[in-house]
Structures are given as C-alpha cells and as structure tokens.
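Subject: Structure for you to look at

Dear colleague,

I am passing on the structure below, together with some notes on what was found in it. Please keep it open while you read.

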Amino acid sequence: MTSPATAPATATEAPHPAWLPPEAFQALGARRVLLHGDGPLVDTVHDEVARACARHGGRVERTAAGAVDLVLALRDSGPLPEVVPAGATTAPDPDGGPLGDEGFLLARSDGVTVVLADAPAGLLYGLFHLVRLGEAAFTGEQPARAHRPALRRRMLDHWDNVAVHPVMGQVERGYAGGSIFWRDGRPRGDRDRLRAYGRLLASTGVNAISVNNVNVGPTEALLLTERLDDVAEIADLLRPYGVRVHLSVTFAAPVVLGGLSTADPLDDGVRDWWQSTTRRVYARIPDFGGYVVKADSEGQPGPFSYGRDHADGANLLAGALAPHGGVVHWRAFVYNHRQDWRDRTTDRARAAYDHFAPLDGRFADNVVLQVKFGPVDFQPREPVSPVIAAMPATRLAVELQVTQEYTGQQWHACYLAPWWHEVLAFRPWGPAERSVADVLADASGPGPRRGGDLVAVANVGDDPFWCGHPLAQANLYAFGRLAWDPRLDPAALLDEWIDLTFPAATLDDPALVRETLHAVLDDSWRTYERYTAPLGVGFMVNPAGHYGPGVDGYEYSRWGTYHFADRDGVGVDRTRATGTGMTGQYPPPWSQVYESLEQCPDELLLFFHHVPYSHVLHSGSTVIQHIYDTHFAGVAEVVAMRDRWARLAGMIDPAVHDRVTERLAEQLRCATEWRDQVNTYFFRKSGVPDARGRRIH
Ligand code: GCV
C-alpha cells in the first residue's frame, strides 16, 4: 500500500513560511543596525535586515551614522566601525582558532550586539543565529563566543526526477507533492519558491544540495551536459544563501551522453570525457559542488561491469573534479538486490562493509564515501553501520533520511531528531572513544582524510506546507541544526523550531502550544517504533510503497530483508558463532556486545539474533509479550497525540491545525492496522496468548 496522496498545490498558493515567519524577525527588525562589508552574501544579509526593519520599525545602514544596537561586520572589510565597543572585540574567544569560512563571533557590550565574521557566509549564519535568539540577543553583557559548524558540508539530497518516473513518480520516496525543481520533464520555474527554500536551508546551516535523484534516468542524465543551464539556474537562485549545488550523475554517462563504447574507469578516453565534461560544468557554474553517484546498486551502472572496483570508479570522477575544488559523494549502498531467500549465507546487512572496507586508503582526497547510517536501509531502528569504524583513511559522509520513507511518509508525526542524535552520539569503538559525530567533525580525526559530511534525503516538495505534514518541518529544521552542531539536544531543537514557527507574540497561550507540540513530537519516533516492526528486525512494510504493515511482504523476496519468523521464534542470526558473522564487522566492544545474547541491547535483539518467543528481554518481558505490549501501547500513544492536538483548535493557524488533524486521523488508522496485523501474525505463528487478555484477531 502507498500512503494517501497529498493534495496538489495550486499555482497561486504561497508556501507556508515554515520557521521563518515575519514575526520571527521582530527583535532584529526593531533595532538600529549597522552592516559593514561587501559582497553578494552580505547583500543577502542586508536584504533580510532591511525587510525585518521595514516591518518592525528599525533601520539598517551600511555606513555608521549615529547610535546603533547591532553591528554585523566582516573583519577584513577595513577598520571596524567606531561604534563597535572595544569590549566586544578584545574579549577573548574562549574557543580560540580562526572563524573560518562560515564561523562568526557574537558578543554584546555597552548596549551593542556585535556579530563578526571573516567571510560573508559567517555573517549570514550569524544573522540567523540572532533570529533564533530573538530578544535574548539584545539583553545584558555577553562575552565573545565563536560559533563554527562542526561539519564542513551539511547537505540535502533530493531524489527528484526531472521526468515523471512510471513507478516512482516525480519525486522518488517523496511525500510532499511534486518537485520544487522539476515538473513533467522541464524545470518547474518557480523562482520564488526556490529562493524561499534557499533561505530556509541557510537559516538551519545547510550549505549544499543535490538537485536530482541518485537513480539517474535518461532525462536526468542530460543535466550534466545539454541541460546544464537548468542546473545553473537553480545554482543562481540558491547561491545568495550560501548553498552550493551538486548533481547526481550516471556512471555510464560517457556511453549514454558521450557516445563512447565504454565507461571503464581505467580507459583514457573515458577519463578525458569526464575531465572535459566537468570543465564545461565549472565554466557554467564556477561554484558547482560536485557529483553524487549511486553505482552498481539497484540496477544503476557502475565499475563492476568493467571488472573494476569502487575506488577505481570514484577516483575517476574525483580526478575530474579535483582541479575545480569539487567532490564526489560516492554512495556505499551497494548490495545484491537479486538475492534468493533460500540462501542463508547472503546477508544484505554485511554488503556495504564487505564491498568498501577493503578499499580503505585507496580513495582520493575529494571522494566522500556516503554511508547510510545503518547497515540495511533507513529503518526506524538499526545498529549504526559498521562501515563508519572500518574506514579511517577515507573521508565519510553519513546519510540520513529526512523524507519519511520508512517512518510514516509524512502522514505520521515522527520527530526524527532523537534518532539521529542517537546515531551521531554512538561511539563505534566504545564509551571512552570518539563518536560518529567526532569522526565526521573536522578537528578530531587522526588520519589523513579528516572531516566528513552529514547528508540527508530531503522531505520537501511543492506542497503548501513544504513537507506534507506541517510537523515534518521540524525534521528538516533539526537536520540542518544537527549537521551544524551534532551535540545539540533534540528537545532544545524542537523548542527553537516552535519559537520560530509559532511566535509567542501571535498566540494567546504560547505555553499550551509548546507543551502540546512537545507532547505530540518528543517521543513520536519511539511511538512509531512501538507499533511497527519489533526489536530492530526491520522492514515488515508493505512492499508496494513502504507504507503500512506487510509482515511477510519481503519474506520471500529478492531484496534481502527477512525476519525468519516461524512457530518457535523470530529474528536474524548475524552472529559469528552460528549466523552470517556480521557482528564481526564491528570493532570491540560492539563485536562482543552484539554477538552475545545476554549483552545485546533489547532494541536490536532481533537484528542480531534469532530467538524463541519465550526469550526474556532485559526489560523482564518475553519477546512475544513485548510485541503485544508495545503494539497496544503505540496505538494508545497515537490516540493521546490526537487528543492533545485537538486542544489547539482555534489557537493556531487553522490551516496548520486542520492539516495535522487530518494526518493524525490517518496515523491512528494506520497504527491500528500495524498493531492488529503484527499482533495477529505473531499470535498465529506462536500460539502464545496475550498475558493481559487483550483482543488479538
Ligand atoms: C533512490 C531505498 C529506497 C529507494 C532508493 C534507495 C537508495 O532502497 O527504497 O527508493 O533509491 O534506497 O538509497 O538508493
């Protein structure tokens, strides 16, 4: 089953302002502002401040004339204006070090707030930081504090098709209407929406985007050559917000576009073709970001066809991009999607590690190996991918999914920041060692390839609320913020999003709105986990569209995602002792923890072990009783979410309230279906009744 369709946007409908409504600029817009510096991004800052001031009574100048409340200044644009108080510039920066291309320093002294940056993007990020702070940016004395992004590239991948795909539609795994870039084979041409999108992205810290699906069809392939102007137009619109454009390309491009007889990465003609093609891309888009490649995966072409490996393939494209400062995001999502379910020796979860770990150290410096956060496929619960610990000499990107393919398709309220936070905080080498976020962050890596990216598949379309579900905007917001600083607390990020999206000044009862949004969203990912596949076993989704239950939907399929439930038990044996050996892909302590039935965390038990239904979890419950309990609890939690939300009727924008109400009704219907199908399935398999005697069908 596929999720219900989202109502199409009308041509005239302006999109919802998301977390940047005019009221969010009130504190900034009421000030006397001096802006010091030049350049296109500084002009963007000027326009933002000017618009806010026009609405809220302040003023902005580019040369000092009288008293000011706020100075935004580029440090290298001549001497700082005299109105900058000495205290703001001489105060020590506790973090030390240069601000870099995107950092900024914030201080407040003698009644003047000061934002200093060494590069224009820093001023832009400083501006949006002030917006988040609101009045707090203009109170008291504040010692200088440096803010820098932890990760150099914070990127969204759009799986948008230029031409409508017969099965996947305009946006693969898109749940928010059509594409904001493309429509029926042509550019959509909605420049205002793209500008607004760039602005939303910049305000969270996102600085890179890819504009087409990683599954590259014949029309999409042309973006690299004869339809490059379409890409250039998007780049022009996003550039003022510091967002660089990347392109998904097909590995077979030399054949399908260049007319060559081969795409062999070691062929001189192929290398020349990529170099000259890439040169033309940079001549047209000088700040082009680079290529994204899905190769030898789910039918996409790749180096295996020529007997070459993925280092050969990635380095070919990296070589073409290197002279121009571009990067290739080479995806590690490579596995056999034509498996035989009878063959227990093939384990899809092993595949990325088996393919890529032996290649560590062979990738060029401008290759970023893009690894899905878990070993299978964006499930609501998986262990962290073992590839992350296995490739110290490779630059990595961790890939998340903001689009809710497996988490309710933007019909279910499912705030994903707590899940991403857990992934980023995971310590692959044990509690005293570096976290995933540390591996990606610039400063902490020991190897030559320091620093990596955080990438996510976008959840945005031409829907008036951008994301189908208005509350799914919180996921987009939180992704950007976590990519800027992975240590941020998901609940605090939700507060930021609430403050901006639902400004207190526009509400009669802001406390109730905040409390309700927390009640609905804080635990919503765990609620989703409770009513879907149990204990990390994954999938069990309807294969047709990945929406709703299909317990055996993939059990006998070629895709390699099985749960092996029988009358005695359930789960995948991935141990070294008796299973596929995948536990051995982890370094200690996790290789032992996951191998051990006693130590394996409950939430991942069925990912790593096949156990009888009577197996007792750390929680004290048996597996079968846990399945029943969590499924009843999950649906009860959705009922509570719906009832809480109903209390906001008449208190917020009715369009938002109605849309969320509609979605919660569908979430409840679907969660009930999940509960009843999963519980009935396991009751029929096991014959074990619910200890609490509830109705199972
Ligand atoms: C773009 C999953 C999705 C596919 C997606 C693929 C990928 O398998 O269901 O739609 O293809 O991941 O990440 O490449």
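Glu 298 counts as partly exposed because its relative accessibility is 26%, where buried means under 20% relative accessible area, exposed over 50%, and partly exposed in between, with a 1.4 Å probe and protein chains only. This is a predicted model, in which local features need pLDDT of at least 70 and side-chain atom pairs count only at pLDDT 80 or more, while totals for chains, interfaces and linings use all residues. Residues are numbered from 1 along each chain as its sequence is written, and side-chain values use heavy atoms, with hydrogens and water left out.

Leaving aside neighbours within four places in sequence, Glu 298 is in contact (heavy atoms within 4.5 Å) with Phe 333, Tyr 335, His 337 and Trp 559. An unreviewed UniProt entry places the feature "active site" at Glu 298, Asp 377 and Glu 405, although such annotations may be inferred rather than shown by experiment.

Glu 405, by contrast, counts as buried because its relative accessibility is 3%. With residues up to four places away in sequence not counted, Glu 405 touches Trp 159, Arg 173, Tyr 175 and His 546.

As for the ligand, 15 residues surround it (each with a heavy atom within 4 Å), and the closest are Glu 172, Lys 294, Arg 331, Lys 372 and Glu 405. An oxygen atom of the ligand is 2.6 Å from an N or O atom in the side chain of Lys 372, and a polar side-chain atom of Asp 377 lies 3.0 Å from an oxygen atom of the ligand.

Methods:
A polar contact is a pair of N or O atoms within 3.5 Å; within protein, one must be able to donate a hydrogen and the other to accept it, and residues adjacent in sequence count only if both atoms are side-chain atoms.
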